[in-house]
Amino acid sequence: MNLLSVTAEIFPLVKTGGLADFAGSLPKALKPHGIRTRSLVPGYRSVTETLDEATPVACYDNLFGESATLLAGRAEGLELFVLDAPGFFHRSGGPYTDKYGKDYPDNWKRFAAFSLVAAQIGRGVVQHWRPDIVHAHDWHAALSLVYLKYASDAQVPRVLTVHNMAFQGQFPAHLFSELGLPDEAYSIDCLEYYGDLGYLKGGLQAADAVTVVSPTYAREIMSPTFGMGLEGVMNARHDDVVGIVNGIDVDVWDPSTDPHIEHQYSSRTLLRRLPNRESLLELFGLPQTSGPVFASINRLTWQKGMDLLAAVVDEIVAMDGRLIVHGNGDADIEQAFQNAARRFPQHIAMKLGYEEYIAHKIHAGADAMLVPSRFEPCGLTQLYALRYGCVPIVARTGGLSETIIDANVAALQAQAATGIQFSPVDAHGLRLALRRALKLFRHRRIWEGLQQQGMKTDSSWHDSAAKYAELYGGLTRADMRLAG
Ligand code: ADP
Ligand code: GLC
């Protein structure tokens, strides 16, 4: 089976968050199921510069006003199609925003162009390679399914994955006429969204099947609190929605081979984590301690509850703990952590930025990983933490609630616990969680039990890749029945 995965990010070529990790690791896990994935990604500089054996497979003189070439090639073990359109994708900022963090004003066009090309691949524009399934991710790719739906010659089954309902690709309605779609596509059953254009909404309506990155989040987004305006659509599509929890690349995230850490270790050699912990504190300029070292590697945003964490740093100071924060995001939250680090230089340190190797070092050295998200579709950080024996302390929401087993009395007795969950997700809830963590941390045997249990957890793609394979198989069989 040939699968076209349409994604705006792919690890290790371009990454702003978990979508990249997902798109970079699922193809490998699908191979044993006989599924060959090619991923279509925008030709950002970091992508075009790494592409090997690039072969042009289609050319466009005027793709939404830009010239572009569709390239086929490989990079870092990934089979790729790359939309090389420098006017759209060679920019000085990030994939979606300029260097000041503002959305590019032509995002509607950049990702419409990207999606149109995806749809053309779905319709067989590339000689000798035709997908049996088109699988689009998030709003950036969602329009590809709309283009396919309205193409009379396209029969390929369409799958959409929702990684985060908070990002919907909403644009003014007057742009509809630029998209080259028939008038009927601007209706409540497709792109019309509260009087605007909704790319994610259109994709949700045009998909044959919708997957959501955890079963809990799939349920949550049926309600107004988490559905963010799309709960009606989600309910209407209820029968075609399936929640599949994300896996991780257990080769990239393996403490026994990780090249980014000084001392490799496994669950049998946990003591070897200690020097990693020491060098982590050194790296962040903090004194050594016998208290707990908490960390958070995160986008500093409201979604991630990082304002809540900034509000309770005194709790960590009071227990002579340490807090290490690595991330960037909203200016006021960045400022809050900078202030905290200035007030408590012996206890709190933060490095603004986004460095993959620092993330690895933190997982390998910190005692506990804080993930206080207000909502979390799946979350990968807590899965990496499990694998590295860094005990996750998570908000009870979305994928966090189903991937971490709370250290309540029963779970501890059954030796099943892998971390701490807290609810309600507010500053007080987080404070209580920190206190629970301290108690457990002081009982070395219990804490080590949590670490061991976490490291035993299978967070690989094994089970979830099988679920995707089953979904694709069902769709292609249904498709063949229709065609027959
Ligand atoms: P989201 O995609 O919502 O940001 P996930 O937990 O699914 O959340 O994925 C986040 C990914 O981004 C993880 O791989 C995490 O390690 C990485 N990450 C987040 N912030 C940073 C940072 N500042 N530096 C390095 N990696 C980061
Ligand atoms: C989104 C979500 C995150 C999820 C990731 C990969 O960025 O916020 O929870 O893990 O996508 O699916």
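These legends describe close-up views of a predicted model.

**View 1. Thr216 in helix H7.**
Thr216 sits in helix H7, which spans residues 215–220. Is this residue buried or exposed? Thr216 counts as buried, because its relative accessibility is 14% and the cut-off for buried is under 20%. Look next at its partners from elsewhere in the sequence. Setting aside neighbours within four places in sequence, Thr216 is in contact with Gly398, Ser401 and Glu402.

**View 2. The residues around ligand 2.**
There are 13 residues around ligand 2. Which of them come nearest? They are His163, Asn246, Glu376, Cys378 and Gly379. By type, the shell around ligand 2 holds 5 nonpolar, 6 polar and 2 charged residues.

Start with Asn246. An N or O atom in the side chain of Asn246 is 2.8 Å from an oxygen atom of ligand 2. Cys378 takes part through its backbone: one of its backbone N or O atoms lies 3.0 Å from an oxygen atom of the ligand. Gly379 also has a backbone N or O atom by ligand 2, at 2.8 Å from an oxygen atom. How much of ligand 2 does the protein cover? On its own, ligand 2 has 310 Å² of accessible area, and the protein covers 92% of this.

Where does ligand 2 lie? Domain 1 (2–247 + 462–483) gives residues to the shell around ligand 2, and domain 2 (270–456) does too, so the ligand lies between them.

Notes. Residues are numbered from 1 along each chain as its sequence is written. Chains are lettered from A and ligands numbered from 1 in the order in which they are written. This is a predicted model: local features need pLDDT of at least 70, side-chain atom pairs count only at pLDDT 80 or more; totals for chains, interfaces and linings use all residues. Side-chain values use heavy atoms; hydrogens and water are left out. Helices (H or I, at least four residues) and strands (E, at least two) are DSSP runs, numbered from the N terminus. Buried means under 20% relative accessible area, exposed over 50%, partly exposed in between (1.4 Å probe, protein chains only). Contact means heavy atoms within 4.5 Å. A residue is near a molecule or strand if one of its heavy atoms lies within 4 Å of it. A polar contact is a pair of N or O atoms within 3.5 Å; within protein, one must be able to donate a hydrogen and the other to accept it, and residues adjacent in sequence count only if both atoms are side-chain atoms. Accessible areas come from the Shrake-Rupley method with a 1.4 Å probe; for residues, only the protein chains shown count as cover. Ala, Val, Leu, Ile, Met, Phe, Trp, Tyr, Cys and Pro count as nonpolar, Asp, Glu, Lys and Arg as charged, and the others, Gly among them, as polar. Domain bounds come from an automatic or database domain assignment.
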